[in-house]
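Please take a look at the chain shown here.

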Amino acid sequence: MGIRSFFAKPLAARVVKKYRLSQQQAFERQDFWLKQMVAKAEKTLFGRGHSFSKIKNYLDYRSNVPIFEYEDIKPYIDEVVAGKEDILWPGKPAYFAKTSGTTSGVKYIPISSDSMPFHITAARDALLHYVYYSGNASFLDRKLIFLSGSPEMTETNGVPTGRLSGIVNHHVPGYLRGNQMPSYETNCIEDWEQKLEAIVQETISKRMGLISGIPPWVQMYFDRLEELSGQKIGDLFPDFQVFVTGGVNFEPYREKLLASIGREIDVVETYPASEGFIAFDDSSGEPGLLLNVDGGIFFEFVPTDTYFGANPVRLSLTEVSLDVNYALLLTTNAGLWSYSIGDTVKFVSLNPYRIVVTGRIKHFISAFGEHVIAEEVEKALAAALSACPEARVVEFTVAPQVSPSSGLPYHEWLIEFSSPPSSLATFQEALDASMCAQNIYYRDLITGSILRPLVLTSLPSGAFISYMKSQGKLGGQNKVPRLSNDRGLAEGVLRT
C-alpha cells in the first residue's frame with residue numbers, strides 16, 4: 001500500500017461523516033450561506049442596488065433579487081471584466097472562467113478566492129466518498145489522467161482567464177501532482193486532435209489507475225488507444241479502476257465506453273460547473289447525485305412549467321418535491337445572484353438530497369406544443385438500445401422537421417452509430433414507442449395526425465466530430481446539445 005492510499009482511508013471516513021452531518025442540517029447550512037453571502041456583498045454595487053442591508057431571510061431575498069440569466073447579469077459582469085472592483089463581490093475575482101454559451105456567445109463567469117476552494121474540495125470529496133464506500137484506494141498510487149482544457153491563462157485586466165478545467169488544473173493537490181497526467185506541456189496544446197495524439201503517446205505505456213473526462217472525448221481517447229494497441233482499455237491498463245465523469249449525462253455513453261474498456265469499471269459521476277460544484281455521486285449505491293448543500297452555494301428551484309411565465313415560482317430547498325422538473329438557480333460566493341445556470345434537475349431523494357440532471361431549460365422541442373426534454377430522449381435511446389443490444393451509439397441529437405418536402409412534420413433523430421442496429425426500423429420503432437409512452441402531448445400529436453412517427457437519420461462515422469471541429473468546439477468541455485427547437489444544429493451536422 002502506497003502512502004497516498006494509506007492516508008486516504010481515514011481522511012475519507014472524516015469527509016463522509018462531515019457530509020452526512022451537512023445533509024442532516026441542510027436547511028441550516030443553506031440559510032447560513034445565503035445570509036453570509038448577502039452580508040459580505042452588502043456594500044457592492046449589486047448589493048446596494050438590491051437593498052442587501054434590508055434582507056433578513058429568504059423571503060426578503062426573493063423579493064429583492066429577481067432571476068438572472070447571463071444576459072441579465074452581463075452589465076455587471078462587463079463592469080467586472082473592465083477591471084472595476086466591488087461590483088458583484090468584494091474586490092476583483094481570482095479568475096474568470098471563460099465559457100462558450102449557446103445563446104450568449106462567450107461568457108465570463110467570475111470565480112472568487114472564496115469560491116475556488118469549493119471547486120477543489122468537492123472534486124476531492126467525491127473521490128474520498130468512493131474510497132470510503134468501496135474500500136479501494138490503491139488507484140491513488142497509480143497514474144491519474146484528467147482530460148481537460150488547457151491550463152494556460154490569458155489576462156483580462158489583471159484577472160487570469162481560462163477554461164474551468166484549466167483553472168482547476170492549477171489547484172490539483174501537491175500529493176497528486178506526481179501521478180497526474182498528461183504533462184503540463186501536452187495539456188497546453190490547444191488543437192484537440194494534436195493534444196489527443198500527444199496524450200495517447202504519453203499514457204499508452206503507463207499504469208493508469210483513474211481516468212477522468214467528459215464521455216465523448218474520453219471515447220475518442222479510448223478509440224485511439226485501441227487503434228494503436230489492438231487491446232481493450234481494460235487490458236491495456238490492468239490497474240485502471242475508476243472512471244470519473246461529468247459535464248453530461250453518462251447513460252447514453254455508458255454502453256460504448258464500457259465496451260471499449262472490456263470489463264466492469266467503477267464509475268463516479270460529478271456535476272461541476274463554472275459557477276460552482278453542484279453535486280456528485282457519493283458511491284453509496286443510491287440513485288442520483290448528492291447535492292452539495294454546504295459548498296458556498298445557495299440553491300433555488302423553479303418548476304419548469306412556470307419558468308417562462310410572468311411570475312416564476314421560486315422555491316428553497318425546504319419546499320422541493322420528488323420527481324418534479326426544476327430549473328436550477330445558484331447564488332454563489334463568487335457574486336452570482338439567483339443565477340439561472342440553464343440546467344434542469346429532478347429530486348430522486350429528499351433524505352439526503354439527491355438529484356438527477358434532466359436537461360437544459362432552453363434545450364427542448366416544442367414546435368407543436370409537445371415540449372420534449374432531454375431526459376425523455378435519453379430514456380428513449382436507452383429503450384431502443386435495450387431492444388437492439390447489438391447497437392452502439394457514438395452521439396446523437398434531435399430536431400423538429402416542421403416543413404418536410406412531403407408528408408406530415410416529424411422529429412428527426414440524427415444518430416451516429418459505431419455499431420448499427422441489425423434493423424434500423426426496429427430501433428426507430430422502439431424510440432417512437434418510448435417517446436409516446438413518456439410524453440402524452442407527443443403521443444396525441446402522433447395519434448391526431450399532426451405529426452408522423454419520428455424519423456431516424458443514421459450519420460456517417462465522425463459526423464459529430466467534424467461538426468464540432470467546424471464550430472471550433474472540438475474537445476475540452478464542449479458538448480453536443482441533445483435537442484433543439486430549430487434546424488440550425490441538425491442542418492450543420494448534415495452538411496459536414
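Which residues are linked in a network of salt bridges? Arg 142, Arg 207 and Asp 239 are. A salt bridge here is a side-chain nitrogen of Lys or Arg within 4 Å of a carboxyl oxygen of Asp or Glu.

This is a predicted model, in which local features need pLDDT of at least 70 and side-chain atom pairs count only at pLDDT 80 or more, while totals for chains, interfaces and linings use all residues. Residues are numbered from 1 along each chain as its sequence is written, and side-chain values use heavy atoms, with hydrogens and water left out.

**Salt bridges**

The structure holds 26 salt bridges. Side chains of opposite charge can pair when their charged atoms come close. The table lists some of the pairs.

| Pair | N to O distance |
|---|---|
| Arg 354 and Asp 282 | 3.1 Å |
| Lys 346 and Glu 375 | 3.1 Å |
| Arg 487 and Glu 491 | 2.9 Å |

Take Arg 354 and Asp 282, which meet in a salt bridge. They link distant parts of the chain, 72 residues apart. Arg 354 sits in strand β15 (residues 353-360), and Asp 282 in the loop between β10 (276-280) and β11 (289-291). Strands are DSSP runs of E with at least two residues, helices are runs of H or I with at least four, and both are numbered from the N terminus.

Is Arg 354 buried or exposed? Buried means under 20% relative accessible area, exposed means over 50%, and partly exposed is in between (1.4 Å probe, protein chains only). Arg 354 has 5% relative accessibility, so it counts as buried. Asp 282 has 4%, so Asp 282 counts as buried too.

Next come Lys 346 and Glu 375, whose side chains also form a salt bridge. Lys 346 lies in strand β14 (residues 339-350) and Glu 375 in helix α15 (residues 374-387), so the pair ties together parts that are 29 residues apart in sequence. Both residues are buried. For Lys 346 the relative accessible area is 13%. Leaving aside neighbours within four places in sequence, Lys 346 is in contact (heavy atoms within 4.5 Å) with residues including Asp 323, Arg 354 and Glu 375.

In the pair of Arg 487 and Glu 491, Arg 487 is buried at 17%. Glu 491 is partly exposed at 30%.

**The sheet**

Strands of a sheet pair through backbone hydrogen bonds, either parallel or antiparallel. Here an open sheet has 11 strands with mixed pairing. Its order is β6-β3-β7-β8-β9-β10-β11-β15-β14-β13-β12. Two strands count as paired if DSSP finds at least two bridges between them. β6 (180-181) and β12 (297-303) stand at the edges with a single partner strand each, so one side of each has no neighbour in the sheet. β14 and β15 run antiparallel and are joined by 7 bridges. Leu 350 stands opposite Tyr 353 in β15.

**Helix α17**

Which residues of helix α17 (residues 440-447) are buried? They are Tyr 442, Leu 445 and Ile 446. The buried residues pack against β17 (410-419) and α16 (424-438).

At the start of α17, a side-chain oxygen of Asn 439 reaches to within 3.0 Å of the backbone nitrogen of Tyr 441. After the helix comes Ser 449, with a positive phi near 60 degrees.

Note on methods. Polar contact = N/O pair within 3.5 Å; in protein donor to acceptor, adjacent residues only side chain to side chain.
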